[in-house]
Amino acid sequence: MEQVVERILVSEADLKAKVKELGESISTDYAGKDLLVVGILKGALVFMADLIRSIRIPIQIDFMAVSSYGQGTRSSGAVRILKDLDRAIEEKHILIVEDIVDTGLTLNYLLDNLKSRGAASVKVCTILDKPSRRKIPITPDYNGFVIPDEFVIGYGLDYAEDYRHLPYVAVLKPEVYSK
Ligand code: PRP
Ligand code: MN
Ligand code: MG
């Protein structure tokens, strides 16, 4: 990976410690509540798998997969559901799990969409927050690390579908995507 990794931004050990903290906060905040943890594929896969194992209260899990329309229309905020939840969510407390909040368009869509289904509450847990690129003022209820405006890969995050499996978060070498 030396060919594509400029530098490691968040190490495996730092991720592990932060995920444990997040799981403890969530366990305290949702004690006694009916919590459904919703992972947003594909980016959230790795964080979701780690996070749910650090939650010490009974929960259920589900997944959604979403995609922005086409190539250049991301700024329109149009998001398409590729895989929806398996069950209705009325009266449930929903925690959306995302790898990163960048412009905020994906989470803005998901928050509106899930709130409209009659959930008891809808909150957001991200491992990375890149506030410098925000187009919609969204702040995750739980977040691991605030990161600078650099292209990052690993821990679920991809570049053209590659590098999701890296166990750390790394900055991609600029020459990889400027080619
Ligand atoms: C990435 C990331 C978030 C979203 C954040 O997903 O996983 O879901 O973009 O960007 P935003 O705040 O600007 O909306 P992507 O659409 O690349 O799909 P993926 O999770 O399958 O990689
Ligand atoms: Mn994603
Ligand atoms: Mg992606």
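What covers the buried residues of α1? Here are some notes on that and a few other spots.

1. First, the ground rules. This is a predicted model, where local features need pLDDT of at least 70, side-chain atom pairs count only at pLDDT 80 or more, and totals for chains, interfaces and linings use all residues. Residues are numbered from 1 along each chain as its sequence is written, while chains are lettered from A and ligands numbered from 1 in the order in which they are written.

2. Back to the opening question: the cover over the buried residues of α1 includes β1 (5-10), α2 (45-52), β5 (93-101), β6 (121-129) and β7 (142-146). Contact here is C-beta atoms, placed from the backbone, within 7 Å. The element names are DSSP runs numbered from the N terminus, with helices being H or I of at least four residues and strands being E of at least two.

3. Helix α1 itself runs over residues 12-29, 18 residues in total, and spans 26 Å from first C-alpha to last, close to the 26 Å expected at 1.5 Å a residue. (The expected span is 1.5 Å times one less than the number of residues.) Its buried residues are Leu-15, Val-19, Leu-22, Gly-23 and Ile-26. They sit on the same side of α1 because they cover an arc of only 105° around the axis, taking the directions from the helix axis to the C-beta atoms. An α-helix has 3.6 residues a turn, so residues three or four places apart point the same way. The face turned away from that buried side carries the exposed residues Ala-13, Ala-17, Glu-21 and Thr-28. "Buried" means 20 or more other C-beta atoms within 10 Å of a residue's own, "exposed" 12 or fewer, and "partly exposed" in between, with C-beta atoms placed from the backbone.

4. Now α2. Val-46, Phe-47, Met-48 and Leu-51 are buried in this helix, and what covers the buried residues of α2 includes α1, β2 (35-41), β5 and β6.

5. Three strands make an open sheet in the order β1-β9-β8, with antiparallel pairing; the edge strands are β1 and β8 (152-153), each pairing on one side only. Pairing takes at least two DSSP bridges between the strands. β8 and β9 (residues 169-172) pair over 2 bridges, and Val-152 has Val-171 of β9 as its bridge partner.

6. Two backbone angles in the loop between β8 and β9 deserve a check. Most residues other than glycine have a negative phi, and most peptide bonds are trans. Tyr-155, in that loop, has phi near 50°, and Glu-161, in that loop as well, has phi near 75°. Which of them is buried and which exposed? Tyr-155 is buried, with 28 other C-beta atoms within 10 Å, whereas Glu-161 is exposed, with 7.

Notes:
Contact = placed C-beta atoms within 7 Å.
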